[in-house]
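Please read them beside the sequence and the model.

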Amino acid sequence: MRRKLVAGNWKMNGSADSIRGLLQGIREGAADVAAVELAVFPPFVYLGLVEQQLSGTAIGWGTQNLSEHASGAYTGEVAGPMLQDFRCKYVIVGHSERRTLYGESDQIVARKFAAARKVGIDPILCVGETLEEREQGVTEAVVERQLKAVLDLEGIGAFVDAVIAYEPVWAIGTGRTATSVQAQEVHAFIRAKLAALDPAVAGKTRILYGGSMKAANAGELLAQPDIDGGLIGGASLEAKEFLAIAKAGC
Ligand code: PGA
């Protein structure tokens, strides 16, 4: 049985004050949703605050990005060993905003995935098609290409502890969610691709859905056999809503 993971991608939002309040709310409600694993992804500068607030709880944390390099002259970047210092459990790699706004190629994403594993942090690999790609009928080809770059570099064994997040770009922050049928189709496709290489690993890899997930649609999405949780953007900024999504997965 794969334990569901509900992860909050805060993106570039929050302040020290608002984060204290948000985490207090999440901590207070976490016991009610203990069947589900919770994790939050603050901007880098709040990592110390999040570590301090969540130490000793069952809630995990991580960041939204990391450098592919371990140290050196890379102004403005943050490396895997630094995340290790703050006891990050996970790190998001290849979010579509990184891919499109910051030009991260499949190969860069694969190297970031490797950099995370190197320091024992589980990567959450985001994949997903744009609206144009869906309309052209190339969703599976796009997802397969994104996945293949990582498989080529790291191999199927890397997916035992890694997490995949299927995030159709057209559903992110748009209020337009993939239907549970659309999402399940792609999740099953991803799992089949992994299973063709190693069925045991495929059975263990958690595949999250992301894209305008909220309490109102979480139940149906999380009931699908291959949807093992959610990567939540906007709705993760409110403790009540975030916990309600987790509740739907219990
Ligand atoms: P959203 O974002 O829930 O606000 O659509 C999801 C994500 O980008 O991870």
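1. Basis. This is a predicted model, in which local features need pLDDT of at least 70 and side-chain atom pairs count only at pLDDT 80 or more, while totals for chains, interfaces and linings use all residues. Residues are numbered from 1 along each chain as its sequence is written, and side-chain values use heavy atoms, with hydrogens and water left out.

2. Lys112. Helix H5 (residues 106–118) contains Lys112; helices are DSSP runs of H or I, at least four residues, numbered from the N terminus. Lys112 counts as buried because its relative accessibility is 4% (buried means under 20% relative accessible area, with a 1.4 Å probe and protein chains only). A polar atom of the Lys112 side chain lies 3.1 Å from the backbone oxygen of Leu66. Beyond its neighbours within four places in sequence, Lys112 is in contact (heavy atoms within 4.5 Å) with residues including Asn65, Glu68 and Glu104.

3. Cores. The largest nonpolar core has 66 residues, and Ile26 is among those that touch the most other members. Such a core is a set of buried Ala, Val, Leu, Ile, Met, Phe, Trp, Tyr and Cys residues joined through side-chain atoms within 4.5 Å. Apart from it lies another core of twelve residues, among them Leu5 and Tyr90.

4. Helix pair. The axes of H1 (residues 16–29) and H2 (residues 47–54) come within 10 Å and cross at roughly 30° (axes are lines fitted to C-alpha atoms over the stretch in contact, and angles run from 0 to 180 degrees between N-to-C directions). H1 is therefore roughly parallel to H2 (angles under 35 degrees). Residues making the contact include Ile19 and Leu23 of H1 and Leu49 and Gln53 of H2.

Conventions
Helices (H or I, at least four residues) and strands (E, at least two) are DSSP runs, numbered from the N terminus. Buried means under 20% relative accessible area, exposed over 50%, partly exposed in between (1.4 Å probe, protein chains only). A polar contact is a pair of N or O atoms within 3.5 Å; within protein, one must be able to donate a hydrogen and the other to accept it, and residues adjacent in sequence count only if both atoms are side-chain atoms. Angles under 35 degrees count as roughly parallel, over 145 as roughly antiparallel, 65 to 115 as roughly perpendicular and the rest as oblique.
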